[in-house]
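Here are some notes for a first look. Please keep the structure open while reading.

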Amino acid sequence: MTDKNIPFDFVFDYLTPLDITIKPMFGIWAVYLNEKILFILRNRKDFSESNGLWLATSKEHHDDLKKDFPTLTSISNYKVGLRETEWQLLSVDSNDFEVSAIRICELIKRNDHRIGRIPGIMK
């Protein structure tokens, strides 16, 4: 199911039996359920502070998700003056990375409305 180059592929064990799609994008891996992007997996040498699981959500859910996952941080768009984006980062350097990634997968399986976005609608 997964390419050997996909980082943090343990998450796919926790998304079974969902029919997910994995799309490579410029050295990162986007994970979709139907038309909705759920998250991106990133583990690159450049900008290593951005490595981990990028959670697709919307700003309205940031505070609520951070209550459940205190180590989530906002991803900023450097092209527009560090403006906060819709994405949240679960850093690979977080002490709770694997446990939190698994919990995120469990929420996805329960169709948590805070997780996932339809591309084109993302800001």
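**Aromatic pairs and strand pairing**

1. Trp87 counts as buried, at 14% relative accessibility. The cut-off for buried is under 20%. Keep in mind that this is a predicted model.

2. Look next at Trp54. Its relative accessible area is 17%, so Trp54 is buried too.

3. The structure holds 3 aromatic pairs. One of them joins Trp54 and Trp87: the ring centres are 6.3 Å apart. The planes stand at 65 degrees, and over 60 counts as edge-to-face, so this pair is edge-to-face. Distant parts of the chain are linked here. Trp54 belongs to strand S4 (residues 52-55) and Trp87 to strand S6 (residues 83-91), 33 residues apart.

4. Where does the cluster of ring pairs lie? Ring pairs link Phe8, Phe10 and Phe97 there.

5. What stands opposite Trp54 in S4? Ile40 does. S3 and S4 run antiparallel and are joined by 4 bridges.

6. Strand S3 (residues 36-42) is largely enclosed by the rest of the structure, because 6 of its 7 residues are buried.

7. On S3 there is also a pairing with strand S2 (residues 28-33), antiparallel, over 5 bridges. Leu33 stands opposite Lys36 in S3. S2 and S3 form a hairpin, with 2 residues between them. In the turn, Asn34 has a positive phi of about 60 degrees.

8. The charged end of Lys23 sits over the ring of Tyr32. Its distance from the ring centre is 4.4 Å.

Technical notes: Residues numbered from 1 in each chain as written. Predicted model: local features only at pLDDT ≥ 70, side-chain atom pairs only at ≥ 80, totals over all residues. Heavy atoms only, no water. Phe/Tyr/Trp six-rings, centres within 6.5 Å; stacked < 30°, edge-to-face > 60°. Buried < 20%, exposed > 50% of the residue type's maximum accessible area, 1.4 Å probe, protein only. Lys NZ or Arg CZ within 6 Å of the ring centre and 35° of its normal. Pairing = 2+ DSSP bridges.
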